[in-house]
Amino acid sequence: MQVGVIGAGVMGTGVAQNLVQTNHEVILIDTTTAILDQARSTIRQALRLQRMLEPKSDQPGIDDLLGRITFTTELAALSTVDFVIENAPEKWPIKEAIYREIDLICSAHCVFAANTSAISITRIASQTKRPAQVLGIHFMNPVPMKPVAEVIRGFHTSEETLGIAKKLLGAMGKEGIVVNDMPGFVSNRVLMLTINEAIYLVQDQVAPPEDIDKIFKSCFGHKMGPLETADLIGLDTILYSIDVLYESYNDSKYRPCPLLKKMVDAGLHGRKNGRGFYSYA
Amino acid sequence: METNKSKIRQFLSRFIHNHEINDDEDIFAAGFVNSLFAMQLVMFVEQEFGITVEDNDLDLDNFRSISAIAHLIERKSVPA
């Protein structure tokens with residue numbers, strides 16, 4: 001199967017890498033050649049690292065795997081693909097424009113999967129003339145390492161479309177768990193509230209971050225505590241996700257913790273820039 | 001060989017503090033660095049010694065110790 005991957009950031013490169021390692025041809029699209037060059041180098045390093053950790057694997061050579069990816073800035077290249085996985089930024093105007101355009105370019109049988117953790121699948125589908133063939137797949141990072149993805153059924157998504165998506169996920173070595181379309185789906189709706197409440201615990205001086213995380217790890221068997229997870233995802237992303245939930249439900253239980261806002265304003269974005277609830281310098 | 005070893009030791013000392021690394025010490029088993037560091041090591045070896053680490057050389061065993069890395073460099077530097 002030939003798969004189009006839109007967006008060559010963290011998620012898009014992970015999806016593309018996962019696809020070529022499972023015998024798929026990929027067309028990887030982003031807006032500039034500079035981003036695509038960076039993506040090529042990121043995927044190459046990730047493939048090399050994996051080879052290093054599993055040197056006895058019978059995977060083809062790294063150059064062969066990279067050769068399965070066509071890097072391009074042209075959405076028109078998607079005219080032949082059977083399946084599109086869109087990983088553009090979580091901003092409505094960007095997504096809206098992409099879906100309107102690919103709906104005209106792609107063949108009639110092509111399925112569109114939005115890789116999103118926040119935006120309504122039903123709303124995305126409404127931008128196309130094929131709402132039955134649009135669904136959400138919320139991949140987890142790092143994509144090649146995670147055995148499960150959340151599959152989101154929009155209002156009009158057909159069973160056939162869900163079947164095609166689950167089959168592709170199966171070929172990628174993943175199980176898809178189908179859930180219905182509501183803001184935050186399952187994972188983010190619970191995770192973001194948990195993280196937000198953990199930040200309130202820090203703000204209210206109930207316990208320091210290390211102890212909060214330790215309680216989750218040692219008492220509940222979580223691999224990471226909520227604040228370590230927040231630092232990994234990025235505090236700016238956490239704030240953005242909670243804001244989206246708040247806007248979507250208009251329910252005060254999703255109000256972002258003032259300490260979170262303050263940290264984001266202060267430039268403490270977590271692991272990616274060296275400091276969040278912990279220091280990574 | 002000894003010059004290479006001291007260059008490797010110097011690079012590793014930027015990541016492993018307060019410890020004198022023996023030539024044959026397994027830096028991964030000892031927990032000084034994790035497997036993600038392996039890629040930094042590969043890039044350092046390629047750039048510093050002008051060799052290409054090919055697919056078949058991408059084996060943690062080639063990067064476990066200063067001796068192992070020095071052997072790999074020597075092997076890759078010999079004209080075929």
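Biologist: What is the order of the strands in the open sheet of chain A?

Modeller: The eight strands come in the order β3-β2-β1-β4-β5-β6-β7-β8, with mixed pairing. Strands (E, at least two residues) and helices (H or I, at least four) are DSSP runs, numbered from the N terminus. This is a predicted model, in which local features need pLDDT of at least 70, side-chain atom pairs count only at pLDDT 80 or more, and totals for chains, interfaces and linings use all residues. Residues are numbered from 1 along each chain as its sequence is written, chains are lettered from A and ligands numbered from 1 in the order in which they are written, and side-chain values use heavy atoms, with hydrogens and water left out.

Biologist: Why are β3 and β8 of chain A said to stand at the edges?

Modeller: β3 (69-72) and β8 of chain A each have a single partner strand, so one side of each lacks a neighbour in the sheet. From one strand to the next, the twist averages 25 degrees.

Biologist: What makes β6 and β7 of chain A a pair?

Modeller: Two strands pair if DSSP finds at least two bridges between them. β6 (residues 134-138) and β7 (residues 148-153) of chain A have three bridges, in the antiparallel sense, so they meet the definition. A:Gly136 is placed opposite A:Ile152 of β7(A).

Biologist: Which strands pair in the parallel sense?

Modeller: Among them are β7(A) and β8 (residues 175-180) of chain A, over six bridges; A:Glu150 has A:Ile177 of β8(A) as its bridge partner. β1(A) and β2 (residues 25-29) of chain A also run parallel, joined by five bridges, and A:Val5 is opposite A:Leu28 of β2(A).

Biologist: How do the helices lie on these strands?

Modeller: Helix α2 (residues 33-53) of chain A lies across β2 and β3 of chain A and runs at about 155 degrees to β3(A). Helix α6(A) packs on the sheet, where it touches β1, β4, β5, β6, β7 and β8 of chain A, and its direction makes about 35 degrees with that of β6(A). Such angles run from 0 to 180 degrees between N-to-C directions, with axes fitted to C-alpha atoms, for helices over the stretch in contact. Contact means heavy atoms within 4.5 Å.

Biologist: Which elements make the β-α-β unit, and what is its hand?

Modeller: β7(A), helix α6 (residues 159-171) of chain A and β8(A) make the unit, and it is right-handed. The term applies if, with the strands pointing away from the viewer, the path from the first strand over the helix to the second runs clockwise.

Biologist: How do you know that the length of helix α4 of chain A agrees with its number of residues?

Modeller: The expected span is 1.5 Å times one less than the number of residues. For the 14 residues of α4 (residues 92-105) of chain A that gives 20 Å, and the end C-alpha atoms are 20 Å apart, which agrees.

Biologist: Which residues of α4(A) are buried, and why are they said to line one face?

Modeller: A:Trp92, A:Lys95, A:Ile98, A:Tyr99, A:Ile102 and A:Asp103 are buried. Buried means under 20% relative accessible area, exposed over 50%, and partly exposed in between (1.4 Å probe, protein chains only). Seen down the helix axis, the buried residues of α4(A) fall within an arc of 130 degrees, so they line one face; the arc is that of the directions from the axis to the C-beta atoms. These residues pack against β1 (2-6), β4 (83-86), β5 (111-114) and α5 (121-125) of chain A. On the face turned away from the buried side are the exposed residues A:Pro93 and A:Leu104.

Biologist: Is A:Asn23 buried or exposed, and why?

Modeller: A:Asn23 is at 60% relative accessibility and so counts as exposed. A:Asn23 sits in the loop between α1 (10-20) and β2 of chain A, and has a positive phi of about 70 degrees although it is not a glycine.
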